[in-house]
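Thanks for coming. Please have a look at it first.

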Amino acid sequence: MRKPMIAGNWKMYKTTQEAMNLVNTIKAGVHAISDCDIVVCPPFTALSNVSHLLNGSGIYLGAQNMHFEREGAFTGEISPVMIKDLGCRYVILGHSERRQYFGETDELINKKVKAALAYSLIPIVCVGETLAERESGSAKETVRKQFEGTFKDLTSDQFEKFVIAYEPVWAIGTGKTASPEQAQEMHEFIRDLISKRTNKDISSKIRILYGGSVKPENISGIMAQPDVDGGLVGGACLKGESFIQIIQGTSPVKTK
Ligand code: PGA
């Protein structure tokens, strides 16, 4: 059985005070919900304050990125140990904005995934095709390549420990959502890739989130798909009300 998960990717938004206000609103709105894992991923600068506020709330903390080394002369970077120290349980890796604007390759993301697992962090690993790739009919091929590169050399045991997010690049921040059928088709494809790399039992346990313009209005249609286990939410998680509505729209749909 897969428990639904909604993770909020705050990106480069919110000062410390704004972050604290937002998290207080979220806490008040979701305290009665236990059938959905909730994760908030504020910017690094707000992790410490948000972490204190989340204490005892049942809401998990995540970071949006990290370096793969434990420590070292890497100016401007943040290590797995540092985010763990602040109370992070999750870390988003390989987001398309990291791939697109910061040149992250599958090889680099693979190192980060291995480092996250080594430090007992749960990676939320993002894959997804661009509009050009979808229109040329190579969406699955792109996702397959990202999957193979990003998860290179991982054992079946390690596979069980992470979360995958399918985020079609053309749907991120654009207001265009993949249709529930498009999401299901790719999620099924990804689950099949996991099954071939590991086995059916493991692939049936891994949560695959959908990301790309998730909103209160479209969450239940997406969640109704058998292979969609939750959402990675960007824009709509920056307002307490819409993030809460997305979570509320998720939990009644199902516990897979
Ligand atoms: P969006 O972003 O919900 O604003 O499309 C999703 C993401 O980038 O994770």
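Start at Phe159. Leaving aside neighbours within four places in sequence, Phe159 is in contact (heavy atoms within 4.5 Å) with Phe147, Phe151, Leu154, Ile194, Arg197, Thr198, Ile202 and Ile206. The largest one has 65 residues. Phe159 is among those with the most contacts inside it, along with Trp10, Val40, Ile164, Ile190 and Tyr210. By nonpolar core I mean a set of buried Ala, Val, Leu, Ile, Met, Phe, Trp, Tyr and Cys residues joined through side-chain atoms within 4.5 Å. Buried is under 20% relative accessible area, exposed is over 50%, and partly exposed is in between, with a 1.4 Å probe and protein chains only.

A word on provenance. This is a predicted model: local features need pLDDT of at least 70, side-chain atom pairs count only at pLDDT 80 or more, and totals for chains, interfaces and linings use all residues. Residues are numbered from 1 along each chain as its sequence is written, and side-chain values use heavy atoms, leaving out hydrogens and water.

Gly173 has a polar backbone atom 2.7 Å from an oxygen atom of the ligand. For Gly235, a backbone N or O atom lies 2.8 Å from a ligand oxygen. Taken alone, the ligand exposes 280 Å², and the protein buries 95% of that. Those areas are Shrake-Rupley, 1.4 Å probe; for residues, only the protein chains shown count as cover.

Next, helix α12, residues 240-250. Helices (H or I, at least four residues) and strands (E, at least two) are DSSP runs, numbered from the N terminus. In α12, 8 of the 11 residues are buried, so the helix is largely enclosed by the rest of the structure. Phe243, Ile244, Ile246 and Ile247 are among the buried ones. Their cover includes β1 (5-9), α1 (16-30), β2 (37-41), α11 (219-223) and β8 (230-233).

Last, the whole chain. There are 12 helices and 8 strands. The C-alpha trace spans about 45 × 45 × 35 Å along its principal axes. Buried residues make up 52% of the 256. That's the tour.

Conventions: A polar contact is a pair of N or O atoms within 3.5 Å; within protein, one must be able to donate a hydrogen and the other to accept it, and residues adjacent in sequence count only if both atoms are side-chain atoms.
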